[in-house]
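Reader: I would like to learn how to read the features of a fold with you, going from the whole chain down to single residues. Could we begin once the sequence and structure are on view?

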Amino acid sequence: MEAGQSDIGLSRSLQENPDLSLSQAYQRLPRPKQNALEERLGRSAIDEILSLSVERDPQDLLEALYGFAGRAGILPQVAPAFATRARERLDAMRGQGNFGTRAEYWLSGSNFDQVAGGISHTGAVLGLATIFCSYLRPLRPLAAGGIHLLSHPTVAGTLLASGGYLLARQAPEVWAAGGRLLTGDYQNGRHSTFEDGLFVSGWALGALGVGVGAASFGLGARTYLMSREAALAQGFSRSEANTVAYMRGDAVRRAIQDPEIWVQYARSQTGLAGWQRLLLSRGGQWTSHGLLYGSAAVGLGKFGLGVRHYLSGNQGEGQPPSISSLFLALAMDVSPAVSVQLYRAGRGNRNFNLGPALSQELTEAHYQDPALRELVLRRVDQGLPKLSPAAERAFIRQGNNDLLLVERLLRAAQELSPLPKSSLRRANGQEAFQGENLEAPQALPAVRFQEGAHHLSLEQGAEIARYNLSRLREVYGSGEVSPTGLLSAIFQHPVVQNGAIFPRPIDRGPLRAHLERLAAESDRRFENGTARPLEGVFVAVKDLFPDVDGVMQMGSKTGRVVGVDASPAVTTLLDYGAIPIPVGMVAAANGGSGMNAHFGYIPHPRRPGLDVGGSSSGTAHVVGLEDFPIVVGEGTSTGGSIQDPALKVGLPSIVPPSGVISTKNMVPFSTRLDRVGVMAVHMEDAMSLARYLSRSVGDDPHVRWQNPGGLFQAAATRPRIVYLESLVKAATTERREHFQRQMQGYREQGYEVTALGPEWDFVAEAPLRMYPFDAYAEAAFAYTNPLRRRAMEVPLRSLDENLLVRLPKGAISIRLGFYDQTRRLSRQYQELVRSKLGEDSVVAFPSVENVPTADLFAGRAGNLLDGSDRITMAVNRIPEWGQITVPNADPALAEIGMAFSGRLPNLMHFSSEKPRSIPLPGPELPTPPARASLPIFMPHLAGDPGKGRAHRPQVISAAPQLD
């Protein structure tokens, strides 16, 4: 060492020579300096410090520092702690001592490393095999079994624990790799930044996946405890409460495994602060993309390095891996992505296309098949917890009492005299019916859109929200507005951010891309002069049909359904140029209010503090918003799910007779009672859309008419209006007075109006009391799907309490004979109504009362919720009947309206925007044919194939004015 360096200290030497190790810097110190340090610390302590300076394993480094502090006297408690630890480890080796130490000793063994690795590799390979099988139709049953197996809590928990253990064992290596990435220390050539980056990234993604899994188990356990307490409070035994709680807790656990649920939760919880919703939404999106795409990138990168090592042989890189080990490592690296995909497939993922077990093929013969009944009962008993003994006894007692009452009502009705034939058969001429509003619009010449037509403001969208479809077409034809411009205004509206109304975001992601493509195609057809009858019309569609993206959420975060064929209720809209937009609904279409939507409460669109009704709540909210440019919507009804929200919001609506609009490929509740209907801002738009949707689809067993469009003509004779005095008396004062004024107006117009006394109450009372005993039983058929091998899992995944109660009640009805008794009474009811009221009567009734939201949440709205069903359920008992709702002419009192039920040609007399009937001279109109097929070939449909969709000339069953 040179003389000038004799006074250089240790720290300065390290600063000026960063490449030196601590040991090398110590050796460069002058000998007097070294002696001084040895006298102060001792030679053994200096040797230990120098050895620690090169230690890279964090665990060994901390252990050594802890020991050094004890020997140096810094921490005097170290020595007794080490002695205690030695005794505990000795006890653990002998199988004695506390459980924690014995578990630590067992886990530290190399044998468990092999076991954990074997478990993790097996699960990863099985997951990849499951995904592979899902893309091959013959192997899809294996894929379904793989999903069930890997998502089982015991299997999932074992895989999670083994994966977490392996991650913990890799922590020291990750620490070292991260240190090299931070310091850039790659002088030895044994590692590279790319390799270390992949290793650290893969470990971080694995840790993220383990964290998601652990959180899902934690939230599932919390749900289990809460549900168990609630079930015990409801009278369940301990074993029954455990069964109910387990099912709900496990459904939450499975849902949390998919980060999409976090995004949907953030959108649905309007009570969260803005930053909380943003954090959940962005966090869910980042986690989903990281686990899916990050794991795939890391896996492929590490697989590529392994292949390079394999091909290089032994050229300085150690023993090359085998092909099998490379694929095992790849399976492990992509396992976080596989986990997300598998749990997403359990909810329903279009990429897996496993196919829901919905059974729309059910007919009367299937309901009566003893073998299928036994299968339904077995699946309900195995798949759902039974009702508590008290609830089961109450339902049986209700069945005996209600069906006995129905029998008495129908026996008494047999003694009624039929209503006499109306004396006003065709008074002074034909009815003034606005049939011109149902005609297909005239073809438009080619349109040249003005500047700014493709980008509308929110205010311009609010202006268009007051237009009817005819006015909207005129605006499109003038070039002032384009469908893409109107879509841009829709995206800007605040309601789009409400996850209760739009559970699947329409302003971003794949659904936005679908809508923008459809709007662009509508633009092009307007510019080419080939615009279709509903071109560019945005239609709110209840999320119970497979929409343009092939998905239906059915109101549940966890019960998404995909893989079914397209629905005629959606494809018909597309064929006519409309653009369907899915909107929220009450979960699984069960409930008469907006409070049972899994994505948040759906409120009244016009009057805060009042309920919107249900279950087509989302459709009513979107169409009812006065500044939102969607003026027509599609919904479904089984027991009033269109009429109820339409009446409460004040919207015109129509539910045609059974079999007029196809229910094919929608999620069923009761295939015999389900119907598709329409709401709109303007009555003529509701009738137009209903007529466009009414066309034969050829292979739907529930379409009963060859020419359903032919029914949309006014009957040649004026119908009689009848109403039940008891329902009018039960209405609120303002609704009763409005109804009576309307009836007086119809009398002045020449209609025969007849009030029916309490002896006619069977018309409204019998259907309401029969509903639970056959509708719930048919729902049990639909959801357990006896016609397919795999039962529908919606009740297990949707967490919908209505289904969890209704399906066991349906099983009781089948087992105890309530179902058969109800079907017999239903047929008797139909014959009585037809014979006593006659074919030329329509039943009128006042609008139902609005329900305050506060009463709804407090459980004080039971009678009000049931009130609307007393007449709307009668429609579903008589297949030839339909129903329309007519709002008040005063927009401020729109919900104080009324409704009519009866045969569709009779209802057409009341379907103008302002109900009126004026006697006019003229020839008598012929009765429309009940069954006829009118093929109409539309050149603009056949000649414009569009992108990716095969079009062919459509045979449209309709009346002549649909040309």
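Reader: Among contacts in the protein chain with a separation of 6 or more, what share comes from residues 24 or more positions apart?

Author: The share is 76% for the protein chain, where contact means heavy atoms within 4.5 Å. This is a predicted model, in which local features need pLDDT of at least 70 and side-chain atom pairs count only at pLDDT 80 or more, while totals for chains, interfaces and linings use all residues. Residues are numbered from 1 along each chain as its sequence is written, and side-chain values use heavy atoms, with hydrogens and water left out.

Reader: How many helices and strands does the protein chain have, and what percentage of its residues is buried?

Author: There are 38 helices and 12 strands, taken as DSSP runs numbered from the N terminus (helices H or I, at least four residues; strands E, at least two). Of the 963 residues, 52% are buried, where buried means under 20% relative accessible area, exposed over 50%, and partly exposed in between, with a 1.4 Å probe and protein chains only.

Reader: How should I read the sheet, and in what order do its strands stand?

Author: Strands of a sheet pair through backbone hydrogen bonds, either parallel or antiparallel. Here 10 strands form an open sheet with mixed pairing, in the order β4-β1-β5-β7-β6-β11-β12-β10-β8-β9; two strands count as paired if DSSP finds at least two bridges between them. Because β4 (579-583) and β9 (753-756) each have a single partner strand, they stand at the edges, and one side of each is left without a neighbour in the sheet. From one strand to the next, the twist averages 25°.

Reader: Which strands does β1 pair with, and is β1 buried or exposed?

Author: β1 (residues 538-542) runs parallel to β4, joined by 5 bridges, and parallel to β5 (residues 632-637), joined by 3 bridges. Alanine 540 has isoleucine 581 as its bridge partner in β4 and stands opposite glycine 633 in β5. In β1, 5 of its 5 residues are buried, with Phe538, Ala540 and Lys542 pointing one way and Val539 and Val541 the other way. By contrast, β6 (residues 653-655) pairs with β11 (residues 881-886) in the antiparallel sense over 3 bridges, and serine 653 stands opposite threonine 885 in β11.

Reader: How is a pair of packed helices read, and at what angle do the axes of α30 and α33 cross?

Author: Two packed helices are described by the angle between their axes and the distance between the axes. The axes of α30 (residues 762-784) and α33 (residues 818-837) come within 9 Å and cross at roughly 145°; axes are lines fitted to C-alpha atoms, for helices over the stretch in contact, and angles run from 0 to 180 degrees between N-to-C directions. Among the residues that meet are Phe762, Met770 and Phe773 in α30 and Phe818, Tyr829 and Leu832 in α33.

Reader: Where does serine 567 lie, and which residues does it contact?

Author: Serine 567 is in the loop between β3 (561-562) and α24 (568-575), and is buried, with a relative accessible area of 1%. Leaving aside neighbours within four places in sequence, serine 567 is in contact with Phe545, Pro546, Lys664 and Asn665. Asparagine 665 itself is found in the loop between β6 and β7, and its phi is near 65°, a positive value in a residue other than glycine.
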